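Subject: Structure for you to look at

Dear colleague,

Please find the sequence and the structure below. My notes on what was found follow them.

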Amino acid sequence: MIETGFLISVLSGACIAVGVVALLVGSLGLLRLPDVYCRIHAVGMIDTAGASFIILGMAIHEGFSIVTVKLLLIGVFLFFTSPIATHAVAQVAFKCGVVPVGRNMVNGAPLQKTSKSAPKLASKTSVKTRGAS
Amino acid sequence: MMIVALCACAVSMIMALVRTALGTTAFDRVLAVNAIGTLIILGIALHGFIMGRPEFVDISLLYAILNFIGTFAVLKLFSTGSLGDKPPSRKS
């Protein structure tokens, strides 16, 4: 039979490893993705997957105690508040007029200030949406 | 494994710090600071476990609450122009 301590250490190590992978992938995405709205996905990955798995690994490592209760409290708090925070960032960014990459429109109107190659795309998309609506 | 996780926290904190320095809009910086706050929470808890004093999770819980409140304060300042002590109709 496998010992319980070995099983617990393997399980917590596996959880922490998954969390570490999520942290590294999320921070790489935060560094490399082109836009605020894309980077929000990466930060959501850090905040939910990475933090939850690392906290779960620490809770398994600790066993039943008051520290585990506090760790799970942190985990539940992060799991519910960080999607709210990223949603608020996206909402305020859109309200303040940050344009998503790939669509040169703000609230259905074409953007005025773009680079040299962008106005053609903007006029095309505006014509399309006007014809559709 | 905890030490590896702490090193990964440090590496991704450095990446988020680079994004904070390079960020093209202010919202990138808010987002990166939020991510750095989450990584600090994890780092404090992991440091407590490595040093054999898991009571550090109290500080970590406090940081979680402060991180959330701070992000929302900065976003409210961006969106309304004040933190709520003055009504915005008085200004205009």
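Helices (H or I, at least four residues) and strands (E, at least two) are taken as DSSP runs and numbered from the N terminus. On that basis chain B reads α-α-α-α along the sequence, with four helices and zero strands. Chain A has four helices and two strands, in the order α-α-α-β-β-α.

This is a predicted model, in which local features need pLDDT of at least 70, side-chain atom pairs count only at pLDDT 80 or more, and totals for chains, interfaces and linings use all residues. Residues are numbered from 1 along each chain as its sequence is written, while chains are lettered from A and ligands numbered from 1 in the order in which they are written.

Confidence

The predictor gives the complex an ipTM of 0.84 and a pTM of 0.79. pLDDT is its confidence in each residue, from 0 to 100. Chain B averages 86, with 92% of the residues at 70 or above; for chain A the mean is 79, and 76% of the residues reach 70 or more. Over residues 114-133 of chain A, pLDDT stays under 50, and the model has 15 contacts beyond four places in sequence for them. A contact here means that the C-beta atoms of two residues, placed from the backbone, lie within 7 Å. Where pLDDT is low, the predicted coordinates should not be read in detail.

The two chains

The C-alpha trace of chain B spans about 55 × 30 × 10 Å along its principal axes. Its radius of gyration is 17 Å, whereas a compact globule of 92 residues would have one near 12 Å (taken over C-alpha atoms; the globule rule is 2.2 Å times the number of residues to the power 0.38). A residue is called buried if 20 or more other C-beta atoms, placed from the backbone, lie within 10 Å of its own, exposed if 12 or fewer do, and partly exposed in between. Buried residues make up 38% of the 92 residues in chain B and 32% of the 133 residues in chain A.

The interface

In the complex, 36 residues of chain B are in contact with 37 residues of chain A. Helix 1 (2-22), helix 2 (26-50) and helix 3 (57-80) of chain B each supply at least two residues of the side that touches chain A. Helix 2 of chain B gives the largest share, twelve residues. By class, this side of chain B has 26 nonpolar, seven polar and three charged residues (Ala, Val, Leu, Ile, Met, Phe, Trp, Tyr, Cys and Pro count as nonpolar, Asp, Glu, Lys and Arg as charged, and the others, Gly among them, as polar).

Helix 3 of chain A

Helix 3 of chain A (residues 66-95) has 30 residues and reaches 43 Å from its first C-alpha to its last, close to the 44 Å expected at 1.5 Å times one less than its number of residues. The helix bends by about 25° at A:Thr81, and A:Pro83 follows within four residues; the bend is the angle between axes fitted to the seven residues ending there and the seven starting there. Its buried residues include A:Leu71, A:Ile74, A:Leu78 and A:Val89. The buried residues of helix 3 of chain A pack against helix 2 (36-62) of chain A together with helix 2 and helix 3 of chain B. Just after helix 3 of chain A, A:Gly97 takes a positive phi of about 90°.

Regards

How values were computed: pLDDT is the predictor's confidence in each residue, from 0 to 100.
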